Amino acid sequence: DPSIVAQLSRTAYGKSSRYHRFKKTNDAIIAILINTLTLLIGPVNRFQEELIYKKEIEEFFSYVEEIQLPEGNLFERLKLLQLKGAFDLKCGDKEAGEAKLRQSIQILNDLGANGIANNTTIYLEQILSYINIANSK
């Protein structure tokens, strides 16, 4: 149940706040927040459905901003860019969401991570496909 995951993630973030100055704690909390955001945004095949957890998603994005990801956490920064793009798409801002996902694809290609870039391209195409199907009904 996504609401239980959100509550557990919220609790983990709150209880870890006094340890944010420690890298291992931040790494663990960032991983939890990214996984929670991924779950709350939902899978591609349910992208046309109403966004139930918008408030919670915005809350967890704000937690990530409070932690202030170090510059060296490039993978996490890129994953967050993709999640923000997916969230924009889910909220109906097709232009901004698609731009963020395409930006992440370009960065991956520039870094030679062509397999991950290809997977992200497929992810974006699937989302757009489901959005187009929903809009044509």
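Predicted model: local features only at pLDDT ≥ 70, side-chain atom pairs only at ≥ 80, totals over all residues.
Q: Leaving aside neighbours within four places in sequence, which residues is Asn73 in contact with?
A: Asn73 is in contact with Asp27 and Ile30, once those within four places in sequence are left out. Contact here means heavy atoms within 4.5 Å.
Q: OK, back to Asn73. Where is its place?
A: Asn73 sits in the loop between α3 and α4. The helix labels come from DSSP runs (H or I, at least four residues, for helices; E, at least two, for strands), numbered from the N terminus.
Q: Does Asn73 count as buried or exposed?
A: Asn73 counts as buried, because its relative accessibility is 9%. The cut-offs: buried is under 20% relative accessible area, exposed is over 50%, and partly exposed is in between, with a 1.4 Å probe and protein chains only.
Q: Let's switch to helix α3. How does its span check out?
A: Helix α3 covers residues 54-67, so at 1.5 Å a residue its 14 residues should span 20 Å, and the end C-alpha atoms are 20 Å apart, which agrees. The expected span is 1.5 Å times one less than the number of residues in the helix.
Q: And what comes after α3?
A: Gln68 follows α3, and its phi is positive, near 55 degrees.
Q: Which residues of α3 are buried?
A: They are Glu56, Ile57, Glu59, Phe60, Phe61, Tyr63, Val64 and Ile67.
Q: What do those buried residues of α3 pack against?
A: They pack against α1 (2-16), α2 (23-41) and α4 (74-90).
Q: Pick one. What does Ile57 touch, not counting residues up to four places away in sequence?
A: With those set aside, Ile57 touches Leu37, Leu40, Ile41, Leu51 and Phe87. Ile57 counts as buried because its relative accessibility is 0%.
Q: New topic: α2. Does Asn26 count as buried or exposed?
A: Asn26, which is in helix α2, counts as buried at 12% relative accessibility. Not counting residues up to four places away in sequence, Asn26 touches His20 and Ile67.
Q: What about Ala28, how does that one count?
A: Ala28 is also found in helix α2, but at 38% relative accessibility Ala28 counts as partly exposed. From Ala28 to Thr11 is 13 Å, C-alpha to C-alpha, and the two are 17 residues apart in sequence.
Q: Now helix packing. What do you use to describe that?
A: Two packed helices are described by the angle between their axes and the distance between the axes. The axes are lines fitted to C-alpha atoms, for helices over the stretch in contact, and angles run from 0 to 180 degrees between N-to-C directions.
Q: How do α1 and α2 cross?
A: Their axes come within 10 Å and cross at roughly 160 degrees. So α1 and α2 are roughly antiparallel to each other (over 145 degrees; under 35 is roughly parallel, 65 to 115 roughly perpendicular, the rest oblique).
Q: Which hand does α1 passing α2 have?
A: Left-handed: the near helix is turned anticlockwise from the far one by less than a right angle, whereas clockwise would be right-handed.
Q: Which residues of α1 and α2 make the contact?
A: Pro2, Val5, Ala6, Ser9, Ala12, Tyr13 and Ser16 of α1 and Thr25, Ile29, Ile32, Leu33, Thr36, Leu39 and Leu40 of α2 make the contact. By class, the contact of α1 with α2 has ten nonpolar, four polar and no charged residues. Nonpolar covers Ala, Val, Leu, Ile, Met, Phe, Trp, Tyr, Cys and Pro, charged covers Asp, Glu, Lys and Arg, and the others, Gly among them, are polar.
Q: And how do α4 and α5 cross?
A: The α4 and α5 axes come within 7 Å and cross at roughly 155 degrees, which makes α4 roughly antiparallel to α5. That crossing of α4 and α5 is left-handed, and their contact has eight nonpolar, five polar and five charged residues.

How values were computed. Residues numbered from 1 in each chain as written. Heavy atoms only, no water.
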